[in-house]
Amino acid sequence: MDEKLKPIKIVHIGLCVGITFAYFFLGELQTLEFMNVPKIDVNTLIYLFLGVSAIFLGNIVYRQQLKAVDSKLKMEERVSAYQTACIIRWAILEGAAFLILFLKKELLIIGLFLILYMIFTKPSLGSMERDFAAVGKQKSR
């Protein structure tokens with residue numbers, strides 16, 4: 001089963017490393033200027049909302065993708081749906097992180113939290129089984 005998850009693990013590592021390098025070089029993280037939090041205003045709140053909504057939207061779409069899978073299928077047959085759901089969730093997180101990087105560099109810390117969250121959503125057999133079980137419980141209600 002781990003062989004079937006190997007491609008999505010490689011994709012996850014590539015996405016995380018790629019966006020981390022983009023933040024390091026384009027966001028100039030080596031200067032530590034991103035630690036200075038700017039004055040909070042409406043513009044800042046919009047980007048904060050963007051980061052939070054990316055997490056929630058990514059999770060909602062992820063759960064919806066998993067719900068669409070037939071629960072009678074074996075776990076090996078559900079891998080492709082799991083991979084698709086993971087990629088969609090990561091794309092939403094990565095898109096929000098890139099928007100913050102290019103549009104509001106003063107708030108790189110929000111993008112860094114998105115990257116950190118994306119790293120913690122790494123694919124594994126345990127998380128796949130847990131997430132399908134959680135979705136199965138929601139379906140039966």
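**View 1. Isoleucine 100 and its contacts in the predicted model.** Leaving out residues up to four places away in sequence, isoleucine 100 touches Tyr23, Tyr47, Leu50, Lys105, Leu107, Leu108, Ile110, Gly111 and Leu114, where contact means heavy atoms within 4.5 Å. Residues are numbered from 1 along each chain as its sequence is written, and side-chain values use heavy atoms, with hydrogens and water left out. Because this is a predicted model, local features need pLDDT of at least 70 and side-chain atom pairs count only at pLDDT 80 or more, while totals for chains, interfaces and linings use all residues.

**View 2. The whole chain, as a setting for the other views.** The chain holds five helices and zero strands, and along the sequence its pattern reads α-α-α-α-α; helices (H or I, at least four residues) and strands (E, at least two) are DSSP runs, numbered from the N terminus. Its C-alpha trace spans about 50 × 35 × 20 Å along the principal axes. Of the 141 residues in the chain, 34% are buried, a word that stands for under 20% relative accessible area, whereas exposed stands for over 50% and partly exposed for what lies in between (1.4 Å probe, protein chains only). Among contacts between residues at least 6 apart in sequence, 83% join residues at least 24 apart.

**View 3. The largest nonpolar core, with 31 residues.** Such a core is a set of buried Ala, Val, Leu, Ile, Met, Phe, Trp, Tyr and Cys residues joined through side-chain atoms within 4.5 Å. Tyr23, Leu66, Tyr82, Ile100 and Leu114 touch the most other members of this core. At least two of its residues come from each of α1 (2-26), α2 (42-67), α3 (79-103), α4 (108-120) and α5 (125-140), and α3 gives the most, with 11 residues. In soluble globular proteins, nonpolar side chains tend to be buried together.

**View 4. Helix α4 and its two sides.** Which residues of α4 are buried? They are Leu108, Ile110, Gly111, Leu114, Ile115 and Met118, and because they cover an arc of only 155° around the axis (taken from the directions from the helix axis to the C-beta atoms), they lie on the same side of α4. On the other side of α4, Phe113 and Phe120 are exposed. The cover over the buried residues of α4 includes α1, α2 and α3.

**View 5. Tyrosine 117 in helix α4.** With a relative accessibility of 25%, tyrosine 117 counts as partly exposed. Apart from neighbours within four places in sequence, tyrosine 117 is in contact with Ile55, Asn59, Arg89 and Leu93. The side chains of tyrosine 117 and asparagine 59 are also joined by a polar contact of 2.9 Å, that is, a pair of N or O atoms within 3.5 Å, of which, within protein, one must be able to donate a hydrogen and the other to accept it, and residues adjacent in sequence count only if both atoms are side-chain atoms.

**View 6. Lysine 104 in the loop between α3 and α4.** Is lysine 104 buried or exposed? Its relative accessible area is 13%, so lysine 104 is buried. Not counting residues up to four places away in sequence, lysine 104 touches Asn43, Tyr47 and Leu99.

**View 7. Leucine 125 in helix α5.** Leucine 125 touches Met1, Asp2 and Leu5, not counting residues up to four places away in sequence. The C-alpha atoms of leucine 125 and lysine 4 are separated by 9.7 Å, although these residues are 121 residues apart along the chain.
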